[in-house]
Amino acid sequence: MPETNTVIPLHQDIRESADTLAQTFDHAYDEPRRFKVYTARQLDKIEQLTHLDDETRFAMDVVANVLPFRVNEYVINELINWDNVPNDPIYQLTFPQKGMLAPEHFDKVADAMRGGDKTAIKTAIAEVREALNPHPAGQMEHNIPEVDGEKIEGIQHKYNETVLFFPSQGQVCHSYCTFCFRWAQFIGDNDLKIATKEAGQLKKYIQAHPEISDVLITGGDPLVMKTKNLRAHIEPLLELEQIRTIRIGSKALTFWPQRVVSDADARDLLHLFEEVIASGKHLALMAHYNHWQELETNIAREAVKRVRATGAVIRAQGPLLAHINDNADDWARLWQTQVELGIIPYYMFVERDTGARHYFEVPLAKAWNIYRDAMKQVSGIARTARGPSMSSHPGKVEIQGVTEINGEKVFALRFIQGRNHDWVQRPFFAKYNEEATWLNHLEPAFGEEKFFFEDELAEMES
Ligand SMILES: *Cc1c(COP(=O)(O)O)cnc(C)c1O
């Protein structure tokens, strides 16, 4: 940690430099665009869907009643290639498909909807949701910290150095991903007072934990907040010497690049980014990307350019998903495109054990093959994404590969992050299993009874 790190106040010259930089941007995109969004109740208002048959539309309605559905006009009109529906990856990413619910769950809700009884529909939806593991990886019981003996809902502290912060106003997204693992938490509020109160609690918590150097602001999508509310969360962090990196997890660069280009407070957001940089801290926009198609529009690229011009670094992460990106060529092209735009590939995730997982999941063995085949196609500069990685209860576990040791076919695994930081980078081995899609499907190799971390994990829990 550097010895001195005083916060440099926002001087006029920073604003001026931002505005000078802005001269180099392509002003064709500066015209504010209306943000229009459709939810489950407005499915019939989406013109493109009227070309689908009745059965497909009813199925979409059924699934949209169980899993969150929200899609905006930019995604519909500019990211989806409607000539390629239903196979278009962005269509699969945002529009509910029948297969996203198991047949028995689908029928339960569909029957209730055909019956038309409101209470019966509500009950059916609630039952199905409950069956979909709404809070994976011990999200609820294990990760809620306390300040002054009071539980704080918006903070998760699982790994020593990094605290996750979920501002209550950032609990929606510009559109919803059909595979989202946080699908169960979409409720929101929009009030500067709440932002300020939460920011105060976060600051207190951090000050009580000197091991924290990173804050990851996540959601939902924190960039759905107005800049003034985001500012209320970020500015107090700039006063904390111990905080070296601020990350913002977001899919706005895909779903609403206008957020950093033409929204009324876009310029103010870029200024905020510059203030973070000027304070001597690292600012990382953790951009969620699933497919190179998300980076093909001019405005998506303009957004990347503007964020980078502030000094923030964009790192890319996203899960590997059947129906969307389960082939090596798409990943190689995604990573290569990112590198050319100055984005650093960071993680390839394994789809989590929740929600519509059975529709999207890819066996770990296949996931590793896709990862490896994609890596082979790009140079070292684009090989910075670690994975495939499972964000599981004991930690982030990476599949390093499949190999044979003393005649036994095994997965070589390692912790990227661990509930105990001493597990980090420790290799371990599981019996090869062609169908396994998550850590809990794996058994220790070489006749061992347990993985090396299991006793310690159990102890931490008791
Ligand atoms: C991934 C993750 C982090 C950040 O880990 P890094 O390895 O620093 O990227 C922090 N907290 C949780 C709960 C995570 O899942």
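Which strands each supply at least two residues of the shell around the ligand?

**Entry 1: ground rules.** I am working with a predicted model, in which local features need pLDDT of at least 70 and side-chain atom pairs count only at pLDDT 80 or more, while totals for chains, interfaces and linings use all residues. I number residues from 1 along each chain as its sequence is written, and side-chain values use heavy atoms, with hydrogens and water left out.

**Entry 2: the ligand shell.** I looked up the strands and found that strand 5 (155–159), strand 6 (162–165) and strand 11 (344–350) each supply at least two shell residues; strands here are DSSP runs of E with at least two residues, helices are runs of H or I with at least four, and both are numbered from the N terminus. Strand 5 gives the largest share, 3 residues. I list the surrounding residues as Q156, K158, Y159, T162, L164, R247, Y346, Y347, K396 and Q417, a residue being near the ligand if one of its heavy atoms lies within 4 Å of it. By class I note 4 nonpolar, 3 polar and 3 charged residues in this shell, where Ala, Val, Leu, Ile, Met, Phe, Trp, Tyr, Cys and Pro count as nonpolar, Asp, Glu, Lys and Arg as charged, and the others, Gly among them, as polar. Because domain 1 (1–29 + 134–311) and domain 3 (317–462) both give residues to the shell, the ligand lies between them; the bounds come from an automatic or database domain assignment.

Entry 3: I checked the polar contacts, meaning pairs of N or O atoms within 3.5 Å. A polar side-chain atom of Y346 sits 2.7 Å from a ligand oxygen, and for Y347 I also read 2.7 Å from a polar side-chain atom to an oxygen atom of the ligand. For Q417, an N or O atom of the side chain is 3.0 Å from a ligand oxygen. The protein covers 87% of the 380 Å² of accessible area that the ligand has on its own, by the Shrake-Rupley method with a 1.4 Å probe.

**Entry 4: backbone.** I found a cis peptide bond from V85 to P86, with omega near 10°, and P86 lies in the loop between helix 3 (73–79) and helix 4 (89–94). The bond from G387 to P388 is cis as well, with omega near -15°, and P388 lies in strand 12 (residues 386–391). N406 has a positive phi of about 50° although it is not a glycine, and I place N406 in the loop between strand 13 (395–405) and strand 14 (408–418).

How values were computed:
Polar contact = N/O pair within 3.5 Å; in protein donor to acceptor, adjacent residues only side chain to side chain.
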